[in-house]
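Please consult the sequence and the structure as you read.

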Amino acid sequence: MIWVTWRQHRVQAFAMLAVFAFIAIYGVALGVWARSAFNADGLPACLAHSGGADCGATITSFFSRFNRGATLPLTLLLFVIPGFLGAVVGGPLLGAELERGTWQLAWSQTVPRGRWLAAKLGLVSTALVVFGASITAIMTWAWGPLDAVSIRLQPPPFNFEGISLTCALLCAFGLALLAGLLLRNTIGAMVAGYFAWEVPFVVGTLLTGPLQFMTTTVRIPCAGAACAAASTNSTPPVTGHLGDFVTSVVRSGNELIVSYVPADRFWPMQFLVGGMYLAVAVVAIGTAVWLLHRRTT
Amino acid sequence: MTHQSSVPALAAEGLGKRYGHAWGLRDCTFSVPAGSIVGLVGPNGAGKTTLLALTVGLLAPTEGEISVFGSPSRANTADTLARVSYLAQDHPLYRGFTVADMFRFGRSLNPSWDSGLAEARMASLGIPLRAKVKALSGGQQAQVALTMALAKRAPVLALDEPVASLDPLARLDFMRDVVAASAETGLTVIMASHVIAELERLCDWLLVVAGGRLQLTGAVDDLLAGHAVLTVPRRTPDGDVPGSTIDRTDSERHSTLLVAANPEQVAVAASQPGWAAEPAGFEQLVLGYLRRPPVTMAMAGQARTAGTAVAS
């Protein structure tokens, strides 16, 4: 089955390698450049000296280097890659067999279809996990200098760090797999799988973007001009801790009422969003396995 | 591969398959001896592919069972899948694969795969192993698919309309190879086909299905001996004719009837003035049963006993 799976999916494997190579080259270049800029701007010394409190201007100028399209192609690509590649790999797995009638060949050999599917699912999803984890590793490294002075709790970094990219990939794979079984058509399965994946993707993006759901509220004393200048966009954040995601700042006398997501909520949010993707994937794949078994009765 | 002749290669008992509310196949009971070449005939949608899929283990029966060499077929089990090779309609293959890839696929998925047989057949047919499947002619693709089925080394080979898409020469070559494989290894072949002339030439056992029910089964020689074509005066009622009337054509001057009856009865009847009898031909027999409205289980039982009673 290992050879069979490889032979039937090698075109997708090469496509994934090409995507990986592109992201790896782009990511490594970005990481090297970000590190040199980080040092050139004197951020290490500033952060060591003041813990970020006095580095606002430096951080802002460091960040402005990345605003002019230098990262945009990569981050846009990373937005669609999990859905796109997951659908491209998952759609044909059953869709092509049913579309071309080769299922009659594949499932009448001595290996029962349940074992055939289990072997394929195991091998292909392992490849997807390795691919997703590698992209995540490269991008986490590349984005390291930006993460040191910014917020990881929202896209783009939230989408390609932690487990969310790999889980999103598996989610699109599972949905396209199921679509292939239902539609009996390869292209249709890819398209349907991709658009079905948009649903959990949009939910995940909303949860980590506009609908921040793990906020905490604190009251922070302030004085004079500092009170007036305080906003959600203050650098460093009004909570005084780089990485916190401030969602609202309301002035009340000599106090600021601040709602924010603490930086250490990164992993709980990753597990929540990643878990949502995985749950969708498990339901889709489970349904496909069940339907495939039921077709014989 | 040898099997005890007492164990039938294929035996169905009350076999039925329902799709939703409609029965694709029902009340199928038959038994086929090892080494037979079985012709499976019926109109489109009659249940031929269903019967084959049940035999192969691609489908599970709703009721009854079909056994291959004494063991009931269980859908999706390695045991059942190993016992029957299946060549589906339009001989599906992976178009992007080379012939060698197809064989490696076969070897990976079948413990009893016979690489020597597969390669020898390709060499004798002049099909290069490195050729892509999509670059081969229809006849060559069918031969590759047949080779896959033969190299699986299962004792039963099920073919669904194997030559429907082939030109006459490719048909001849293909069927010659099926018969040769059966003769060499004692392979039992069950073949669905619309080409009655082809079946007449090749088959020694017949299964006629229509409307999801088995209309006729038996050894071809016995069936032919158990039927006759009678020419009788017009408007002779069925009741006056020996045996049971399967098919009837009334022309202006006389009626022609296909009857299931033993030869003695037929000979007696034919001695009446204005009556004549001749042996039933294969095609007349098949068409007669196909034309007859689908019969119930009880009537099918009668038809079967009519066939077998004469044979004994």
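The radius of gyration is taken over C-alpha atoms, and the globule rule is 2.2 Å times the number of residues to the power 0.38. The model is predicted: local features need pLDDT of at least 70, side-chain atom pairs count only at pLDDT 80 or more, and totals for chains, interfaces and linings use all residues. Residues are numbered from 1 along each chain as its sequence is written, while chains are lettered from A and ligands numbered from 1 in the order in which they are written.

Q: How do you know that the radius of gyration of chain B agrees with a compact globule?
A: For 312 residues a compact globule would have a value near 20 Å; chain B has 21 Å, and therefore agrees. Its C-alpha atoms fill a box of roughly 70 × 40 × 40 Å along the principal axes.

Q: What share of chain B counts as buried?
A: A residue is buried if 20 or more other C-beta atoms, placed from the backbone, lie within 10 Å of its own, exposed if 12 or fewer, and partly exposed in between. Of the 312 residues of chain B, 46% count as buried.

Q: Why is Arg152(A) called buried?
A: Arg152(A) has 22 other C-beta atoms within 10 Å, and the cut-off is 20 or more, so the residue is buried. Arg152(A) lies in the loop between helix H7 (144-149) and helix H8 (157-160) of chain A; helices are DSSP runs of H or I with at least four residues, strands runs of E with at least two, numbered from the N terminus. Leaving out residues up to four places away in sequence, Arg152(A) touches, among others, Asp147(A), Phe158(A) and Phe266(A) (contact: C-beta atoms, placed from the backbone, within 7 Å).

Q: Why is H10(A) called roughly antiparallel to H12(A)?
A: Helix H10 (residues 186-208) and helix H12 (residues 266-294) of chain A pack at about 170°, with their axes 10 Å apart. Angles under 35 degrees count as roughly parallel, over 145 as roughly antiparallel, 65 to 115 as roughly perpendicular and the rest as oblique; the pair is therefore roughly antiparallel. Axes are lines fitted to C-alpha atoms, for helices over the stretch in contact, and angles run from 0 to 180 degrees between N-to-C directions.

Q: What makes S1 and S2 of chain A edge strands?
A: The open sheet has the order S1-S3-S2 in chain A, with antiparallel pairing (two strands pair if DSSP finds at least two bridges between them). Strand S1 (216-221) and strand S2 (245-252) each have a single partner strand, so one side of each is left without a neighbour in the sheet. S2(A) is joined to strand S3 (residues 255-261) of chain A by 7 bridges.

How values were computed: Contact = placed C-beta atoms within 7 Å.
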